[in-house]
Amino acid sequence: MKKKYLGKTIGSLLIVLLMMPLGHALMILMEHFLEPTTLHYSAFLMGFVGLVITIAGVFVKGDTRQTCFGLAGALLFWTGWVEFLFAYFAQRFGVHCDLVGNGVVQTMTEYVNGVGVNHTFTIDGTPLEEFSRADLKAIRGSRPEYLIMPATFGMWMMFVVMYTFCTRTGCLFIRWVQRHCGINEKVELRPMAYHPSIVMFMEWNIMMWGLYMLLMFCYDPVFLGDHHPVTYAIAAICLFGSVLMFKKQLYIKQWGRNLRMAYATVIVFWTFVEVVARNGLFKEIWVDPMNHVVEMSAVLAIFVVLIGGALVSSAPTKQ
């Protein structure tokens, strides 16, 4: 019988699972404490730093260290160059948010010499700044930047086509598609150059991108809606899928590979969490970190201890 690595698997899952609320909280804190101009420059710098960390991870030694570089780089890259860039252009061109119930959303931009210099955003006549985060959570569905993300579906599909028809990959789902659609038999699949940092980076961005779009299509009442049976069914499938992925992850001995599998498991599980939270079945403390300082500090402390333990335990022993 194959040996199970329960402790290592739980540790890897917790590392990635704790990164999700920490990433959300980081974005909220930056929006709260930084002036708009400073925020935009800081976010762009964050994305650049994430890219540099990921590339630097190609040149460090050790599978686990390379994976950790890719994990940290992907988080910063996604937050700075994807989420904040979407937020910037959504605000600049007056993209509306959606509302849970009935109401009126208005945006207005004042232009000087062709450049928008003053933006106003009101919900039922009340400026957005006057709402508390709890009030916004109750009346607003998705933020404007997430609502425009489904428009990138075609670009996301380009990556999916490349990975499915051109590469021999370690992704279990793509390998399943290749095997059951006869691609393995009819196409000469070639592996890419293998760098754990880049693998982790690409896995984070492709999966985060794809599952965000899936949620946006589910939440859109024109397609399905928050409470649609199909939306609940997708959440249940993701929960069940994450359990199956966890069972496979139990047999992975190496920390680096276990961490890479952990991200896939967590992001599929997190889709279930998002649907449940969207329907008000539990409170997301990470969207209001200023009022949950103790809890978020504990999450950060546990994360640092776990990632430090993974690096120490995976370090080669001196002879």
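Trainee: What is the relative accessible area of Glu 31?

Mentor: Glu 31 comes out at 23%, which makes it partly exposed. The cut-offs here are under 20% relative accessible area for buried and over 50% for exposed, with partly exposed in between, using a 1.4 Å probe and protein chains only. Before we go on, note that this is a predicted model, in which local features need pLDDT of at least 70 and side-chain atom pairs count only at pLDDT 80 or more, while totals for chains, interfaces and linings use all residues. Residues are numbered from 1 along each chain as its sequence is written, and side-chain values use heavy atoms, with hydrogens and water left out.

Now for its partner. A salt bridge here is a side-chain nitrogen of Lys or Arg within 4 Å of a carboxyl oxygen of Asp or Glu, and helices (H or I, at least four residues) and strands (E, at least two) are DSSP runs numbered from the N terminus. Glu 31 makes such a bridge with Arg 143, and their closest N and O atoms are 2.4 Å apart. That joins distant parts of the chain: Glu 31 sits in helix H1, Arg 143 in the loop between helix H4 (133–139) and helix H5 (144–147), and 112 residues separate them. Arg 143, at a relative accessible area of 17%, is buried.

The whole structure has six salt bridges. Another one pairs Asp 63 with Arg 260, at 3.2 Å between the closest N and O atoms. Again distant parts are linked, since Asp 63 is in helix H3 and Arg 260 in helix H11, 197 residues apart. Asp 63 is partly exposed at 28% relative accessibility, whereas Arg 260 is buried at 9%. Then there's Asp 226 with Arg 278, whose closest N and O atoms are 3.2 Å apart. Asp 226 lies in the loop between H9 and H10 and Arg 278 in helix H11, so this pair ties together parts 52 residues apart in sequence. Asp 226 is buried too, with a relative accessible area of 16%.

On to the nonpolar side. By nonpolar core I mean a set of buried Ala, Val, Leu, Ile, Met, Phe, Trp, Tyr and Cys residues joined through side-chain atoms within 4.5 Å. The largest has 60 residues, and Trp 78, Trp 204 and Met 208 have the most contacts inside it. Helices giving two or more residues to this core include H1 (6–33), H3 (63–92), H9 (196–219) and H11 (255–278). H9 contributes the largest share, 13 residues. Apart from this core lies another, of five residues, with Cys 97, Val 105, Ile 123 and Leu 136 among them.

Contacts are heavy atoms within 4.5 Å. Leaving out neighbours within four places in sequence, Met 208 touches Met 20, Trp 78, Glu 203, Tyr 263 and Ile 267. Thr 122, in strand S2 (residues 115–123), is buried at 16% relative accessibility. Beyond residues up to four places away in sequence, Thr 122 is in contact with Val 104, Val 105, Gln 106, Pro 127 and Leu 128.

Next, helix H7 (residues 172–180), where Ile 174, Val 177 and Gln 178 are the buried residues. They span an arc of only 100° around the axis, so they lie on the same side of H7; that arc is taken from the directions from the helix axis to the C-beta atoms. These buried residues pack against helix H6 (153–166) and helix H8 (183–186). Turned away from them is a face with the exposed residues Phe 173 and His 180. After H7 comes Gly 182, with a positive phi near 75°.

Finally, two loop residues. Asn 113, in the loop between strand S1 (105–112) and S2, has a positive phi near 55° although not a glycine, and is exposed at 79%. Asp 124, in the loop between S2 and strand S3 (126–127), also shows a positive phi near 55°.
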